[in-house]
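The sequence and the structure come first.

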Amino acid sequence: MSAGSPQPAYSLAEAKSLIKLAIIGDRVLKRAALDCPHDELPKVDQFVRKLFLSLDENAFAHSKLQTYPDNKRSIMADVYAIKKSGSWYIKFYIEHGRVTVLSCHCPEHDVKLANGKTVKAPT
């Protein structure tokens, strides 16, 4: 699969089944906390997981090659965008039976979905 692919690299159903044990790093949680509703701040980890579970195939934008220069490896990641408690950009991959959420924040720019719709970035 090439970078910018219009097809998901991973099964969304599989990813959702794995989200309870997902790896969501501190950097992702801190960034999500900046954008999540104030009443969700104490449980930002749960908020990210709930957002993830609310994804459907219509929210798929594209797959992109995620490169890690420090350890010289690359992996395909899927990008989704949704409107729920604001606009959200979510990027993840599955490796060795685990989901890793790389990004979860308000989109920095409009995100065109594979179905032709657009999730607008906040202004």
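Two strands are taken to pair if DSSP finds at least two bridges between them. Strands (E, at least two residues) and helices (H or I, at least four residues) are DSSP runs, numbered from the N terminus. The model is a predicted one, in which local features need pLDDT of at least 70, side-chain atom pairs count only at pLDDT 80 or more, and totals for chains, interfaces and linings use all residues. Residues are numbered from 1 along each chain as its sequence is written, and side-chain values use heavy atoms, with hydrogens and water left out.

**Strand E4 and its partners**

Strand E3 (residues 73-83) and E4 run antiparallel and are joined by 6 bridges. Within this pairing, Ser 87 in E4 is the bridge partner of Lys 83. The hairpin of E3 and E4 has 3 residues between the strands, and Ser 85 there takes a positive phi near 55 degrees.

E4 also runs antiparallel to strand E5 (residues 98-105), with 7 bridges between them. In that pairing Tyr 89 stands opposite His 105 of E5. The E4 and E5 hairpin leaves 2 residues between the strands, and His 96 in the turn has a positive phi of about 55 degrees.

Burial is judged by relative accessible area: under 20% is buried, over 50% is exposed, and partly exposed lies in between (1.4 Å probe, protein chains only). On this scale E4 is mostly covered, with 8 of its 9 residues buried.

**Lys 91**

Lys 91 is found in strand E4 (residues 87-95). What does the side chain of Lys 91 join in a polar contact? The partner is the side chain of Gln 66, at 2.7 Å. A polar contact here is a pair of N or O atoms within 3.5 Å; within protein, one must be able to donate a hydrogen and the other to accept it, and residues adjacent in sequence count only if both atoms are side-chain atoms.

Lys 91 is buried yet has no salt bridge, and the nearest side chain of opposite charge, Glu 108, is 9.3 Å away. For charge, Lys and Arg count as positive and Asp and Glu as negative, while His and the chain ends are not counted. A salt bridge requires a side-chain nitrogen of Lys or Arg within 4 Å of a carboxyl oxygen of Asp or Glu.

Contact means heavy atoms within 4.5 Å. Leaving out residues up to four places away in sequence, Lys 91 touches a set of residues including Lys 64, Ala 77, Val 79, Thr 100 and Leu 102.

**Tyr 68**

Tyr 68 belongs to strand E2 (residues 60-68). It counts as buried because its relative accessibility is 19%. Not counting residues up to four places away in sequence, Tyr 68 touches Arg 73, Ile 75, Tyr 93 and Leu 102. The C-alpha atoms of Tyr 68 and Ser 54 are separated by 28 Å, the two residues being 14 apart along the chain.

**Salt bridges**

Side chains of opposite charge can pair when their charged atoms come close. The structure holds 5 salt bridges.

| Arg 49 | Asp 45 | 2.9 Å |

Asp 110 is partly exposed, at 38% relative accessibility.

Arg 73 is in strand E3 and Glu 95 in strand E4, so the pair ties together parts that are 22 residues apart in sequence. Arg 73 is partly exposed at 28% relative accessibility, and Glu 95 is partly exposed with a relative accessible area of 26%.

Arg 49 and Asp 45 are 4 residues apart in helix H3 (residues 44-53), so about one helical turn separates them. Arg 49 counts as buried at 17% relative accessibility, whereas Asp 45 is partly exposed at 28%.

Arg 31, Asp 35 and Glu 108 are linked in a network of salt bridges.

**Cysteines**

There are 0 disulfides in the structure, a disulfide being a pair of cysteine sulfur atoms within 2.5 Å. Cys 104 is buried at 2% relative accessibility, and Cys 106 is buried at 15%.
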